[in-house]
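Please look over the sequence and the model below before reading on. The paragraphs that follow take the fold, the helices, the aromatic contacts and the surface in turn.

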Amino acid sequence: MRREPEGTGAAPSTLWGRLACLWAAAFAGLHFYWAVGGDVGLSISAGPLATERPLWFVVAGLWGVGALCLLGALLAWLLARPRLRGVPALLARWLGWGVSALLLVRGIGIEVLLLTNTTHLDASVTVGQRAWTLALWNPWFIAGGLVFGLAALRSRS
């Protein structure tokens, strides 16, 4: 008999998948907000591209990343499904590990590069961008990597 964590209403194997789904959906929503013209936080994230908004950036960098995040939310939802079995469960688990690794490498890698100044940042990266990347964006990617990893670990196969 499995016990549910008190107060969550979710079995331990589904909780992390649900959190990963929320993480990906929130990130998708932010990119769609930027894609339709929102600008809060974009200049700190994208620098000069935020003011110029070239078509390739809006299509690939905002709509495209938003769509990928929705696919990530779907994957996380699949990882949270207790009845997923066989090859689909195995594929979902491996994709979950892949997303986790990608997010962790991106978050931790950029954090290390910025903290050690190994990249010798040029003038295109402002002090504000660097500070927000260290304090908000990279921890956000690390949190996403952790929840996807825990969702893959706890998914039932």
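What percentage of the 157 residues of the protein count as buried? The share is 34%, where buried means under 20% relative accessible area, exposed means over 50%, and partly exposed lies in between (1.4 Å probe, protein chains only). This is a predicted model, in which local features need pLDDT of at least 70 and side-chain atom pairs count only at pLDDT 80 or more, while totals for chains, interfaces and linings use all residues. Residues are numbered from 1 along each chain as its sequence is written, and side-chain values use heavy atoms, with hydrogens and water left out.

The protein has six helices and zero strands, and from the N terminus on its elements run α-α-α-α-α-α. Helices (H or I, at least four residues) and strands (E, at least two) are DSSP runs, numbered from the N terminus.

Helix α5 covers residues 86-116, which is 31 residues. From first C-alpha to last it reaches 44 Å, close to the 45 Å expected at 1.5 Å a residue; the expected span is 1.5 Å times one less than the number of residues. The buried residues of α5 are Ala89, Ala92, Arg93, Gly96, Ser100, Leu103, Gly107, Glu111 and Leu114. Ala92 counts as buried because its relative accessibility is 4%. Thr133 lies in helix α6 and is itself buried, with a relative accessible area of 14%. Just after α5, Asn117 takes a positive phi of about 55°.

The next topic is the aromatic residues. A pair of aromatic rings is described by the distance of the centres and the angle of the planes. Rings of Phe, Tyr and Trp (its six-membered ring) pair if their centres lie within 6.5 Å; planes under 30 degrees apart count as stacked, over 60 as edge-to-face and the rest as tilted. The structure holds eight aromatic pairs. One of them joins Trp23 and Phe148, edge-to-face, at 6.2 Å centre to centre and with 90° between the planes. This pair links distant parts of the chain, since Trp23 is in helix α1 (residues 12-35) and Phe148 is in helix α6 (residues 127-154), 125 residues apart. Both partners are buried: Trp23 has a relative accessible area of 9%, and Phe148 has 1%.

Why is the pair of Phe27 and Phe141 edge-to-face? The ring centres are 5.4 Å apart and the planes stand at 85°, so the pair is edge-to-face. Here too distant parts of the chain are linked, with Phe27 in helix α1 and Phe141 in helix α6, 114 residues apart. Phe27 is buried at 7% relative accessible area, and Phe141 is buried at 11%. Trp23, Phe27, Trp140, Phe141 and Phe148 form one aromatic cluster. Phe141 has a further contact: Arg106 lies over the face of its ring, 4.0 Å from the ring centre. A charge sits over a ring if NZ of Lys or CZ of Arg is within 6 Å of the ring centre and within 35 degrees of the ring normal.

Another tryptophan of helix α6 is Trp137, which counts as buried because its relative accessibility is 11%. The C-alpha of Trp137 is separated by 7.9 Å from that of Ser45, and the two residues are 92 apart along the chain.

Arg53 lies in the loop between α3 (48-52) and α4. Its phi is near 45°, a positive value in a residue other than glycine. Arg53 is partly exposed, with a relative accessible area of 24%.

Which residues make the nonpolar surface patch of about 440 Å²? They are Leu68, Leu71, Leu74 and Trp77. Patches are made of residues with over 30% relative accessible area and no salt bridge, with like charges joined within 9 Å and nonpolar side chains (Val, Leu, Ile, Met, Phe, Trp, Tyr) within 5 Å. A salt bridge is a side-chain nitrogen of Lys or Arg within 4 Å of a carboxyl oxygen of Asp or Glu. Accessible areas come from the Shrake-Rupley method with a 1.4 Å probe, and for residues only the protein chains shown count as cover. Trp77 is found in helix α4 (residues 55-80) and counts as partly exposed because its relative accessibility is 44%.
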